[in-house]
Amino acid sequence: MTEIEARHFKELYKKQIVNDQLRANLSKATLQAVDSRGESFKEVDFEFLRKQAKMIREESVSHLNQLLSQFEDHARENGCKIFYAETPEKARAYVLDVAMKNNVNLIVKSKSMVTEEIELVPFLSGKGIETVETDLGEYIVQLAKEKPSHITTPAIHKSRTEIAQLFHDKIGTEMNNDPKFLTAEARRVLREKFLSANMGISGANFLIAETGDAVIVENEGNARLSTSSTDIHVVVTGIEKVIPKFSDLRIFMRLLARSSTGQKLTSYVSVLRGPRREEEKDGPREVHIVLVDNGRSSLLGTEHQEVLNCIRCGACLNVCPVYRNIGGHAYGSVYPGPIGSLVTPMYFGEKNAPDLPFASSLCGNCTEVCPVGIEIHHQLLSLRNEIVAAKKSRIERFLFKNYRKTMLRPGRYRMMGRFARMFSKSALVRRMMKQWTDYRDLPEFPSQSFREMYKSGKLN
Amino acid sequence: MRVFLFVPCFVDQLFPNVAVSTLKVLQHLGCEVLFPGDQTCCGQPAYNSGYFDEARLMAMHQINSFMPNSPTRNHYSTSLGKTESEFDLKRDYAVGPSGSCVAMIRNFYPGLLETDQRYSQVAAEFATRTFELTEFINNVVGVEKFSGKLNAIVSFHDSCHGLRELGIKDGPRNILRRIDGLKLVELPYNEVCCGFGGTFSVKFPEISVAMADEKLKNFSQTKADILVSTDTSCLMHLQGRAKREGFNQRFAHIAEIMAESIS
């Protein structure tokens, strides 16, 4: 069921890049996010925090099994039920089972990329269980029958006017592109859903090993409602989200919102510690935590392990000029942008996303902003190496072999250079350079190379 | 101060004036400049395309071409037929007019060759002796030794590899400010990539030129006459796109601007 469209990247991006409205929307939103991020880090020491965060995440990932079992013990003590799902199928089946046992017909769901990854909502809807996205961005995307195009701002590809039109068509609001108005309209619809739902689903930004807590960071309050207004609550998240101590949050709380939206702190930080206790008046009676692997543990012990450090802030998407021009949908994966170009082939197989690691100019802006110090563009390089080693593209191999042979023999290099310059205006050379010349002019080729000038002695 | 010129292959073949200017500037600053004639390509296109084995052989060749008498020299190398000087790792500098190619040597050769007993040590040392032209002038020669005169309004494009791999930011600007009559106008979003990216430019040309168009739009806003950079590769891409789209500003390597300002 988990269909990876990423292998069609080349067709997908070509469709997106000609969409001027999309590019304008993305450019506006991402550049604004980049500016706010920069502004928000002026008052704290980013490099210090990043170093700390990287250390904590590295420790967490390298002791993943141990921390998970600690987390599991404490979460059980708090009254939660824990389920490990190696595959999306197992995770979906478990959630469906919980819903069926409790006669659930309406689920309110807050944001969770892992549920997108395992395609939980279409699955539950297919089983006749209405599942409503309550994060505003996710709600917009759900109304439009689309997928999120960004990790933290799912509807970033849409303008206010496009959203007003969508609301007008789908929920009958008047045409008004004022964000306050649109938010109020969404709230009106969603409040009804919160009141009548009998199950809630959320993700988790962090799992705390020493306490068994699931921590959710958000701005709209919908996650807090989704996790507390129904009797049954299911957390679906990735196994890599665990960190050792509650006090580690002091680092991540300062980094996450700033990296993501340029806020000092999000409006809500919820710490979930199990179901309602006897003396408590509200909260769910049952809490389930589904820990999804889906390819993550295959990274452990490899040179790609650091990719599991990711806290899904989305900063690398916002700064990425490739993302800015093609948008999230072009990647054909729930995880787009630089981190998506790593995670998609690493979790779901390199064969399923052979082009993504190459779809980067390696400018390194992603690595520069990553709050947990993932060497994103260097990871892309090492993936390229793996893909090339496994690939059988004869033409490309032939070209690189000959390029190498030429460069190892200075005489051959000199001759090839002379030929190339001599025939630079020929139709054949132009045709061979089509991927360049269809879009740009070639420079004027000089009659002599530098080394020819140097050797002739006329430079001294 | 003895400097061995590191001339990236496409500069050698397509933009010899950039190398000539680099030579002139270094000589003007009092350096003794040599050009090891066996050098070809640093291997970056292979490395960035995932062909690490090919890149490794080219890295070895590159090192050999600077150290023709070293025991590591392989049988491929053929000198130009004259006794070449040996690069002294303790004393000499390799200087090249490209942040990108210098980053290949400085940041990636050591990793690429670390498991090779013959090369690991020399690669690590060679990395520390290799400089991009503007950082060499700023960090080794002393920028105060340079001054020039040129009437021009220029904007500066930070190349990503110069900026993020080598940390070059103020150096080239410090140099440009020492040119009398030259006015520097900063480019909006000057840390955003121009879209060249080596083979990226031909693998995904539509994305590559969309990024170039953004850069050219920002450049036009500055009303400057010349876009200056430390990297000819970015400039080749931007100039090629600009010509195609009917822009008529000039694109020049910082070595060319420096050379013009002292002549």
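Residues are numbered from 1 along each chain as its sequence is written, and chains are lettered from A and ligands numbered from 1 in the order in which they are written. Because this is a predicted model, local features need pLDDT of at least 70 and side-chain atom pairs count only at pLDDT 80 or more, while totals for chains, interfaces and linings use all residues.

**View 1. Chain A as a whole.** Chain A has 22 helices and 10 strands; helices (H or I, at least four residues) and strands (E, at least two) are DSSP runs, numbered from the N terminus. Of its 460 residues, 48% count as buried, meaning that 20 or more other C-beta atoms, placed from the backbone, lie within 10 Å of the residue's own.

**View 2. Strand S10(A) and its partners.** Strand S10 of chain A (residues 286–292) is mostly covered, with six of its seven residues buried. Strand S1 (residues 81–85) of chain A runs parallel to S10(A) and is joined to it by five bridges; here A:Lys81 stands opposite A:His288. Strand S7 (residues 232–238) of chain A also pairs with S10(A) in the parallel sense, over seven bridges, and A:Val236 stands opposite A:Val290. Strands pair if DSSP finds at least two bridges between them.

**View 3. The nonpolar cores.** A nonpolar core is a set of buried Ala, Val, Leu, Ile, Met, Phe, Trp, Tyr and Cys residues joined through C-beta atoms within 7 Å. In the largest one, of 195 residues, A:Val236, A:Val290 and A:Cys316 touch the most other members. Helix H5 (residues 99–112) of chain B gives the largest share of this core, eight residues. Apart from it lies another core of 13 residues, including A:Leu136 and A:Ile156.

Conventions
Buried ≥ 20, exposed ≤ 12 C-beta atoms within 10 Å, placed from the backbone.
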